[in-house]
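Visitor: I am new to this structure. Please show me how to read it, one feature at a time.

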There are 6 protein chains.
Amino acid sequence: MAPLKLTVAQYATSPTLAETLSNLREITIAASSTGTNLVLFPEAFLGGYPRTSTFGASIGSRTDTGRNQYQKYWAQAVDLGDTHPDGLGVYDAPGDGTREFLEGLAQNTGVFLAVGVVEKVGATLFCGVVFVCPRGGIVGKRRKVMPTGTERVVWGIGSPKTLKALKTDIAGQKVILGAAICWENYMPLLRATLYTQNTSIYLAPTADARESWISTMQHIALEGRCYVLGCNQFVTNITLPPFADDAAASTRPEEMGTDMAGEKVLCNGGSVVFGPMGEVLAGPLWGTEGTLSVTVEDLEGDVVKAKMDFDGGFSGHYSRSDVFRLEVAGLEL
Amino acid sequence: MAPLKLTVAQYATSPTLAETLSNLREITIAASSTGTNLVLFPEAFLGGYPRTSTFGASIGSRTDTGRNQYQKYWAQAVDLGDTHPDGLGVYDAPGDGTREFLEGLAQNTGVFLAVGVVEKVGATLFCGVVFVCPRGGIVGKRRKVMPTGTERVVWGIGSPKTLKALKTDIAGQKVILGAAICWENYMPLLRATLYTQNTSIYLAPTADARESWISTMQHIALEGRCYVLGCNQFVTNITLPPFADDAAASTRPEEMGTDMAGEKVLCNGGSVVFGPMGEVLAGPLWGTEGTLSVTVEDLEGDVVKAKMDFDGGFSGHYSRSDVFRLEVAGLEL
Amino acid sequence: MAPLKLTVAQYATSPTLAETLSNLREITIAASSTGTNLVLFPEAFLGGYPRTSTFGASIGSRTDTGRNQYQKYWAQAVDLGDTHPDGLGVYDAPGDGTREFLEGLAQNTGVFLAVGVVEKVGATLFCGVVFVCPRGGIVGKRRKVMPTGTERVVWGIGSPKTLKALKTDIAGQKVILGAAICWENYMPLLRATLYTQNTSIYLAPTADARESWISTMQHIALEGRCYVLGCNQFVTNITLPPFADDAAASTRPEEMGTDMAGEKVLCNGGSVVFGPMGEVLAGPLWGTEGTLSVTVEDLEGDVVKAKMDFDGGFSGHYSRSDVFRLEVAGLEL
Amino acid sequence: MAPLKLTVAQYATSPTLAETLSNLREITIAASSTGTNLVLFPEAFLGGYPRTSTFGASIGSRTDTGRNQYQKYWAQAVDLGDTHPDGLGVYDAPGDGTREFLEGLAQNTGVFLAVGVVEKVGATLFCGVVFVCPRGGIVGKRRKVMPTGTERVVWGIGSPKTLKALKTDIAGQKVILGAAICWENYMPLLRATLYTQNTSIYLAPTADARESWISTMQHIALEGRCYVLGCNQFVTNITLPPFADDAAASTRPEEMGTDMAGEKVLCNGGSVVFGPMGEVLAGPLWGTEGTLSVTVEDLEGDVVKAKMDFDGGFSGHYSRSDVFRLEVAGLEL
Amino acid sequence: MAPLKLTVAQYATSPTLAETLSNLREITIAASSTGTNLVLFPEAFLGGYPRTSTFGASIGSRTDTGRNQYQKYWAQAVDLGDTHPDGLGVYDAPGDGTREFLEGLAQNTGVFLAVGVVEKVGATLFCGVVFVCPRGGIVGKRRKVMPTGTERVVWGIGSPKTLKALKTDIAGQKVILGAAICWENYMPLLRATLYTQNTSIYLAPTADARESWISTMQHIALEGRCYVLGCNQFVTNITLPPFADDAAASTRPEEMGTDMAGEKVLCNGGSVVFGPMGEVLAGPLWGTEGTLSVTVEDLEGDVVKAKMDFDGGFSGHYSRSDVFRLEVAGLEL
Amino acid sequence: MAPLKLTVAQYATSPTLAETLSNLREITIAASSTGTNLVLFPEAFLGGYPRTSTFGASIGSRTDTGRNQYQKYWAQAVDLGDTHPDGLGVYDAPGDGTREFLEGLAQNTGVFLAVGVVEKVGATLFCGVVFVCPRGGIVGKRRKVMPTGTERVVWGIGSPKTLKALKTDIAGQKVILGAAICWENYMPLLRATLYTQNTSIYLAPTADARESWISTMQHIALEGRCYVLGCNQFVTNITLPPFADDAAASTRPEEMGTDMAGEKVLCNGGSVVFGPMGEVLAGPLWGTEGTLSVTVEDLEGDVVKAKMDFDGGFSGHYSRSDVFRLEVAGLEL
């Protein structure tokens, strides 16, 4: 059994979708050259995270400035051509080419990609993660089921059906991939939905850069007895996406964040990797762009050994599935 | 991106199908000469709306007079040669030449036509709308799924499969066309079927000339966040089609309607155009024949901005597709 | 059969819950003295509509000022003691006395109350409507299933199970009460859920004061063939609730709204009553506080007659329930 | 509103139950004298945690030595006189006086006690927590629903019905107390059961002394937006309870643990208190016995403000109770 | 009616799963050649019974040696591909081929197999029994609801839903099969669950080799008035599975058991068959591997006659179902 | 703690009640003289077991001979003066003096008596057991809830409320007494009712003298982890009670039974005592009258140690009371 190399990429969204895709390609190729089998990109990496924006909305009121800002944001979002009402990844509409770009990149490099996206469907935007397999193309997709705070003004509510974990092989090892986006990681029933499916690599793209996030990542590793990959962007007022402009922001970026080398740090990163016994394997990475990588010799074996102690998964010891019963609408568990 | 000019044609059916087609050609050519890209004609424009007629039917009783009247009406209806049991627009029977006429006209003028028709299939009549593309000919057709009142004596019940919205380009802009005929506009699940498909130009040919119809058109613009084109005939006792003769009518036309310049107005028009924020753009046009036109600079952009506020479409914010589930027999949404 | 008098009360929330309840009592007693059987109060009348507020939230950021504002708002919200996870109105926790207040008032005056509330459950707020019966106390409750825009920052997502219509007798007439709150009135599947239950008095408390709202009210009357009561607050910068303070607002109230007698009108009212043929019966009432009342001689008879024309309700002509199938999670229709 | 002082007591079980009770009394009186309103004692504080023991059991085999060890352990366990099959705290059997001791102590000091116990019912032992109110005596009890590892040889499986949270007043402030014991804190559905009941003080007596436990405590504070009190014993080979003797242990205590001042530390403590924004308020306390205290000015206010950001409780924003449905056998949520 | 030949196979698990399956095949083919219609294999026959092991666990402690031992054990366990949380036998995941092996063997030999297994689901192991029908493949499965002693460290708790008895035909006779594993046979409510379903062939795979076990088998025959097949392994220190190695065992195997021909007997067998009047029909078989067979002329008739005396089954005389009410969570009785 | 001596008395009923009471006194005094603390007498010892009788009944037919026989039997039955409809032992009617006799005997000898009786209430007979305490008199009573076979012609159906176990002290040791009569010992829910109450001395008076009965007694010891006292009569054709005369018997006694010293053995005894690990402590006693005694040093300790292995009692390990729920009408468990 060959080792499995997992990488998280802590980078900021570029000013345009084309530039972000180009950057994603470079990062992937570089990671591929050092043997990486899977790269995770942060929440909203494609499309951009509109930090500081309000889109002109207050309660009972909107502005045309805000609507124009939304249109600019919408224009940068990806169109994957998903035609299923729940966003389950049925791709028979054309889309904007992003899907083909990612699928081609995965195929050419042999790297499995997990990419945070802002996806447009009609006029609505969703915060999602796509799973791009070198062999099968986009084989899975998640959509955040509950956006946080003002995100709710611009992002739709994803269907819990997208919580279907993905069983696949990467580099010859059996993996079960699940993803929870940002504060979905605080939702115990959502995480239980992933554990129940025996998720062995838990992906946590996020925009939360507080130090306490590291505790949550470690806790999830121990609770889920799985590898946990946390991935955030590192963003300053310089790299904030152009559509997140001052006019619509409630607070001007330069009044926010932390000073660092003349810039204002708006999102300080904090990508990190934990193993299934809760041990930190890489990171946390603060205050810079960059990647973290870990090499796993026997992923299934590591998980089995860790679950001997605690198994909360599919009718595991600690699921007490005889007395706790979780149902997720539309998702057969 | 070139602007898109949309026109509604408020005209009455002529005494014969040939005359009506001729009139339709003149109106189309005139509209084309002023840059129109799409013309919508009213409900039953070809074939005629049999206002005032009872076709000799009362409950438990019919008359030969009524049967003769029906035969005359049937003779004026169009035969498109549609061979699909659900009227989905599979044209491999010869028809009566109307299809070729409309396709040629669209091709020659470059105008996309949406025409209200009374279509015959065997001995049955359907109230429908045909979409005639300059490039592709008749690329779509609707049939009213529920006729109103006495219409049910002469019109069949259309299949909901015809509610498939049409994605196409008109004048270089992406459009998604949907149509709801007359009181279909009061059917919330039918409209939802169109919204779910992200209809951006909503066509509403009708025979309802009450003022309250304008509220419904405005409501639909706000609910569907799309352009709404309402189109009715202007009809008096003079222009009532010949087959709708006195003998079979329960009430004589001259005892109906409103006096206007010595005529009795039987259908006062009320065509109107609304934009996706619910703003009136043209009309309503009352008491005369004529056309209304609007020019749209960026149809998709207008819709996106309006849907930032409210998106009830394909898994939009307000669809709550996770808890409301609409299924339409035979139509994959 | 005695006539049924229905009243809508267009008033603003007072600075404190106690004062609002006191005002509600006065309005109810006055209405009762003129024979009213049912009074509808506006959206968020108890608790208050936080117009202009952002609660310090922009995307990826919150402020302590905003959290303090939220606590003030939360303190004014009502606690009904509802213990059901879906807010279905199982009241076995004590609450804050509001329920008993409303139930006592209904009992003493004999007036059926439908009151827009902001309800607290733990730390979460819901925008709801309670139905208070003189005989049975609080016999029903709705919770808005999708808040609008920035409301999503402070209001939870209600369960569609609350869409159960309420069958009861008021003044000896059989009524079926349904309610849709503000932009829920733009959700066709939600309205269809109410029509399917044969709602005869459709209550539409709102915070939308645009003129186009009147079209929506009229359309619903025609679509649902029911009495429609629209009810809004009339609010100026003077009567804006204290917790909606400037500090947290993205736009200062005095820069918003329309001048009127030295005040800035932030919400201009527009309460209105339509009958089941789409005819306006009272209002719209713009630019002032006040009440509108209508007297209905035979509510069930009026609805039946209107539905002869168009019946979209429980397997009515126009439901086409054979081909359109609506399912609402957790609600047996 | 008076402030609320909360204390966790990190002490080891004494050689006999009588001595442990005596120690508990001294700690409580001392805490009371500095104004404490609630004291939490560790898992199995009364009865003792049999660290290092195997009770002579291997798979398919037991020994009489192990059975004798069990009898000694059983003799030290408390008998509360609970007669309900699920251990729900119906006390009509006499018990061994421990209940009366604790109730008297709470009454005399005015301190609310939450005490980890090993409770005997017939011949079976349960690991539990009792809530002892100065006014009402023992008003609640939990039993661990899934013991960890070899604990399963000697501890029964508690009923999930004991997860009912306790609403009460302490020092004039409204509190909702919930408890999860040791690795129950890794069970997301169990924690969700407590959050759903709006637990505001989350008690976590434990025997886990790894550093990663602190991450779990912090995560729970953020996930549950509540005060979290973690409490462990500090135990060395000297203070290990006598019944946990060498003969039956698979590993001799002196071969385990960490050296400290000539003793072997078998359980290093790690008691800690977090606030509802995830901020550490006291501890962690490593390597010694002692207490930690925090003073809370407005517990409900702190929780409400923290839940504005994230509310996973009773139909809170993030519960998505419309699509995630948790049922716990026998417990009405 | 053809006679029905029932066989119990008292054999030890082989060093690897492949070898055990191979042995199972040989035993089955041999039994088939002498006309056997059903073969019962012992508890944990596939996967192995880890007699003497502790898996490095004592209370509050685990070792990496124990975790490695667990991984070795897990590797030998069967993966049936059951995807139901309660292990009800929904097989849509691939599994490891064991299911197909057993189904093929049953089909080819025409023998109904009841096989004790250690089944893995994710990282958790369950002790179960599969029912393999020559016609339908795996048509039923049980999972032990309460492991015994140290088994609880490595085996999960099965759902009582698996207690559904299986009605089928074997060799043209109607049978109702139920199974209780090892000390489940001491659980009166569990057995009553099987009697209530009129179990006629009661299968009792076990690891209990004490002489008193024979009394329990006989008692069950008399209590349940059914055929009872007890089946155990015969195991010595030589045939103990390799993963049950010395290092992790609390007691070295050579210090356990009984001498026999230079080996240490760790499990002495004791397979036995009783008829529904409590009469011994075959065995007990002590001190060797081998099979026992009985031939039943009229199974249903024998049961009916025996139940004339005592019928504790589905509302039988002795069920007193009017006053004793048994409910089993999730199982409709 | 003094040892506890338990005795079973295997004797036949005498020709008259007075003689049987006299015999009972002698046996008790003798047992007392050797230190016995409790004596158990067989089923129907007072009143008599009407072996061989049919009471003239066949289906659809009775005889006067049989009625006369019943009257004779009824005359020999005891009248305890129990006035409770369920026979729960409320003694405020006078009775026939048997109660006072037994209470006096217990008081005088200091021996706790458990006596099988045939009790009359009006014209109905019940098969029961009375518990006679030296201090409290008759402190408990059981009535068989389901007579066996032809017993149903003469014995009523007892209430399950009589299954309340009796907690008391005997010789300074805490005991919990339960009784199951004859084939009640085959009723798993009935036995579970006793186990749930933590019965530590399980009394099994019977009339079943088959060898297989010993298996049932041993099984119960292991299942209930309690002391089990089985007690039967030794009866020949000579000692058969006079009312069981030939005329009414379907089979003449001399054609039944087994020859022994010129007599026909009709009931061969089989009294036996087992300890809580299933070990035989005394008996079985076949083929003669006589007593068996055992001395218990620490009854509670023995039970606790045995239950460490298996505890099916009051929420014990193996009760799985979270998923198996037993309710017994009228008995609070």
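Visitor: What should I know before I start?

Guide: This is a predicted model: local features need pLDDT of at least 70, side-chain atom pairs count only at pLDDT 80 or more, and totals for chains, interfaces and linings use all residues. Residues are numbered from 1 along each chain as its sequence is written, chains are lettered from A and ligands numbered from 1 in the order in which they are written, and side-chain values use heavy atoms, with hydrogens and water left out.

Visitor: How many residues does helix 3 of chain C have, and how far does it reach?

Guide: First, the terms. Helices (H or I, at least four residues) and strands (E, at least two) are DSSP runs, numbered from the N terminus. The expected span of a helix is 1.5 Å times one less than its number of residues. Now the case. Helix 3 of chain C, residues 98-109, has 12 residues. From first C-alpha to last it reaches 16 Å, close to the 16 Å expected.

Visitor: Which residues of helix 3 of chain C are buried?

Guide: Buried means under 20% relative accessible area, exposed means over 50%, and partly exposed lies in between (1.4 Å probe, protein chains only). Here the buried ones are Thr98(C), Arg99(C), Leu102(C), Leu105(C), Ala106(C) and Thr109(C). Seen down the axis of helix 3 of chain C, they fall within an arc of 135 degrees, so they line one face of the helix. That arc is taken from the directions from the helix axis to the C-beta atoms. On the other side, Gln107(C) and Asn108(C) are exposed.

Visitor: What do the buried residues of helix 3 of chain C pack against?

Guide: Contact means heavy atoms within 4.5 Å. The partners are helix 1 (17-33), strand 3 (112-121), strand 4 (124-133) and strand 5 (137-143) of chain C. After helix 3 of chain C comes Gly110(C), with a positive phi near 75 degrees.

Visitor: How many salt bridges are there over all chains?

Guide: Side chains of opposite charge can pair when their charged atoms come close. The rule for a salt bridge is a side-chain nitrogen of Lys or Arg within 4 Å of a carboxyl oxygen of Asp or Glu. A search of the whole structure finds 86. One of them pairs Asp86(D) with Arg325(F), the closest N and O atoms being 2.9 Å apart. Asp86(D) lies in the loop between helix 2 (64-76) and helix 3 (98-109) of chain D, and Arg325(F) in strand 15 (residues 324-328) of chain F, so the pair joins two chains. Asp86(D) is buried, at a relative accessible area of 1%.

Visitor: Where do Arg142(D) and Glu184(D) lie?

Guide: These two side chains meet in a salt bridge at 2.8 Å, N to O. Arg142(D) is in strand 5 (residues 137-143) of chain D. Glu184(D) is in the loop between strand 7 (173-179) and helix 5 (188-196) of chain D. They are 42 residues apart. Both are buried.

Visitor: Is Glu119(E) buried or exposed?

Guide: Glu119(E) is buried, with a relative accessible area of 1%. Its salt-bridge partner is Lys141(E), with the closest N and O atoms 2.5 Å apart. Lys141(E) lies in strand 5 (residues 137-143) of chain E and Glu119(E) in strand 3 of chain E, so the pair ties together parts that are 22 residues apart in sequence. Lys141(E) is buried too, at 6%. Leaving out residues up to four places away in sequence, Glu119(E) touches several others, including Val78(E), Leu80(E) and Arg143(E).

Visitor: How much area do chain A and chain C bury between them?

Guide: Buried area is the accessible area (1.4 Å probe) that two parts lose on being put together, summed over both. Chain A and chain C bury about 1900 Å², 59% of it on carbon and sulfur atoms. Each chain gives 24 residues to the contact.
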